[in-house]
Amino acid sequence: MDATSQRLLMCRPTYFAVDYAINPWMDPNAPVDAALAVQQWEQLRQTYLDLGHTVEEITPVPGLPDMVFAANGGTVIDGKAMAVQFRDPQRADEAPAFRAWFEAAGFEMYDPKHVNEGEGDVLLAGDHLLAGTGFRTAHAAHAQLQEVFGYPVITMQLVDPRFYHLDTALTVLDERTVAYLPEAFSPGSQAVLRRLFPDAVHATMADAEVLGLNAVSDGRHVVLPAQATDLAAKLRDRGYETIGVDLSELRKAGGGPKCCTLRLRQGKASK
Ligand code: ARG
């Protein structure tokens, strides 16, 4: 299996905290070790560098504790960047910060007309854009994504509030294959997934409950939460190399490796 070297955007969790609850993982009364969160994030960043990826960083903004989840900052494909519109007011001010970064980096900008939480809900799988809805990104946003990027958009209906973003329920492994938790999707979406990806890896609830599907694959190496041991074993059986990382502190906000990572897809050649 060939690994693709990726250009990634991350945001250091300098101001990370769990101050509000906008998903079932978040408990503002539970203690969070902010220093450990930074250390764990640095290990994730180092893991990408060791794999030969390029990591760019956006400056964190005080008062935006969830900004570490850079996947929600946009959708970037073929040199086009679609900015985001958050469902929750607590995250609204992240959108212009990410937008300004994309603009300065020279991407062709598009503005969202509906709630759209970026790569948290929008995943490029081969020649299809899989787009989640049900909790965050609005169904109406899917049509705009198709118009802007010109990839057929497949709507994925999410049904379990713990798996509120598509990237908590499904991982793209390479151009042809994904891993997912069937129960996180409506019956119709499960049928679509079976049709599109007959060889997909099915994750267990135990894997999903440690955010094991919130993983980043370069086609050969899969970076995933260390606690997702069943999923890691299945992936190794399929020939992937798995790299477990511990993001226990960020998980208290409902995020894992993929949430911290936005893929910047430059030109047509680099999907
Ligand atoms: N606390 C954040 C939220 O609820 C976590 C975002 C996780 N990001 C992701 N791509 N799944 O919005």
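Which residue's side chain meets that of Asp88 in a salt bridge? The partner is Arg136, at 4.0 Å from N to O. The model is a predicted one.

**Salt bridges**

- The structure contains 16 salt bridges.
- In the bridge between Asp88 and Arg136, Asp88 sits in the loop between strand 4 (80-82) and helix 2 (94-104), while Arg136 sits in the loop between strand 7 (128-133) and helix 3 (139-149), so the pair ties together parts that are 48 residues apart in sequence.
- Asp88 and Arg136 are both buried.
- Another salt bridge joins Glu56 to Arg7, and here the closest N and O atoms are 2.5 Å apart.
- Glu56 belongs to strand 2 (residues 54-57) and Arg7 to strand 1 (residues 7-10); the two are 49 residues apart, and the pair links distant parts of the chain.
- Glu56 counts as partly exposed because its relative accessibility is 23%.
- Arg7 has a relative accessibility of 19% and therefore counts as buried, since the cut-off for buried is under 20%.
- Arg162 and Glu209 also meet through their side chains in a salt bridge, at 2.8 Å from N to O.
- Arg162 is in the loop between strand 8 and strand 9 (170-172), and Glu209 is in the loop between helix 5 and strand 12 (216-217), so this pair ties together parts that are 47 residues apart in sequence.
- Arg162 counts as partly exposed at 28% relative accessibility, and Glu209 counts as partly exposed at 39%.

**Nonpolar cores**

- The largest nonpolar core is made up of 36 residues.
- Within this core, the residues with the most contacts are Leu130, Leu166, Leu170, Phe185, Leu231 and Leu235.
- At least two residues of the core come from each of strand 6 (122-125), strand 8 (153-157), strand 10 (178-180), strand 13 (221-225) and helix 6 (229-237).
- Beyond its neighbours within four places in sequence, Phe185 has contacts that include Met156, Leu158, Val159, Leu166, Leu170, Tyr180 and Leu193.
- Gln157 and Gln190 are also among the residues in contact with Phe185.
- A separate core of 22 residues lies apart from the largest one, and includes Leu8, Ala37, Leu250 and Ala253.

**Helix 6**

- Leu231, Ala232 and Leu235 are the buried residues of helix 6.
- These residues are on the same side of helix 6, because they cover an arc of only 100° around the axis.
- The elements covering them include strand 10, strand 11 (201-202), helix 5 (205-208), strand 13 and strand 14 (241-245).

**Helix 2**

- In helix 2 the buried residues are Glu94, Ala95, Phe98, Trp101 and Phe102.
- Their arc around the axis is only 130°, which puts them on the same side of helix 2.
- Among the elements that cover them are strand 1, strand 2, strand 3 (75-77), strand 4, strand 5 (108-110) and strand 15 (262-263).
- Just after helix 2 comes Gly106, with a positive phi of about 90°.

**Pocket and cavities**

- The largest pocket holds about 540 Å³ of space.
- Its lining consists of 31 residues, and those nearest its centre are Gln6, Val172, Asp174, Ser217 and Arg263.
- Strand 6, strand 9 and strand 12 are the elements that give two or more residues to this lining.
- There are three cavities of 30 Å³ or more.
- The largest cavity has a volume of about 80 Å³.
- This cavity is lined by 13 residues, of which Asn23, Phe69, Arg91, Tyr164 and Ala253 are the closest to its centre.

**A residue in strand 6**

- Leu124 is part of strand 6.
- With 9% relative accessibility, Leu124 counts as buried.
- Leu124 and Lys234 are 110 residues apart in sequence, and their C-alpha atoms are 22 Å apart in space.

Technical notes
Residues are numbered from 1 along each chain as its sequence is written. This is a predicted model: local features need pLDDT of at least 70, side-chain atom pairs count only at pLDDT 80 or more; totals for chains, interfaces and linings use all residues. Side-chain values use heavy atoms; hydrogens and water are left out. A nonpolar core is a set of buried Ala, Val, Leu, Ile, Met, Phe, Trp, Tyr and Cys residues joined through side-chain atoms within 4.5 Å. Buried means under 20% relative accessible area, exposed over 50%, partly exposed in between (1.4 Å probe, protein chains only). Helices (H or I, at least four residues) and strands (E, at least two) are DSSP runs, numbered from the N terminus. Contact means heavy atoms within 4.5 Å. The arc is that of the directions from the helix axis to the C-beta atoms. On a 1 Å grid over the protein atoms alone, a cavity is a set of points where a 1.4 Å probe fits but cannot get out, and a pocket is an open set with protein on both sides within 12 Å along at least five of seven lines; lining residues have an atom within 4 Å of a point. Grid points are joined across faces, edges and corners, and a volume is the space filled by probe spheres set on the points.
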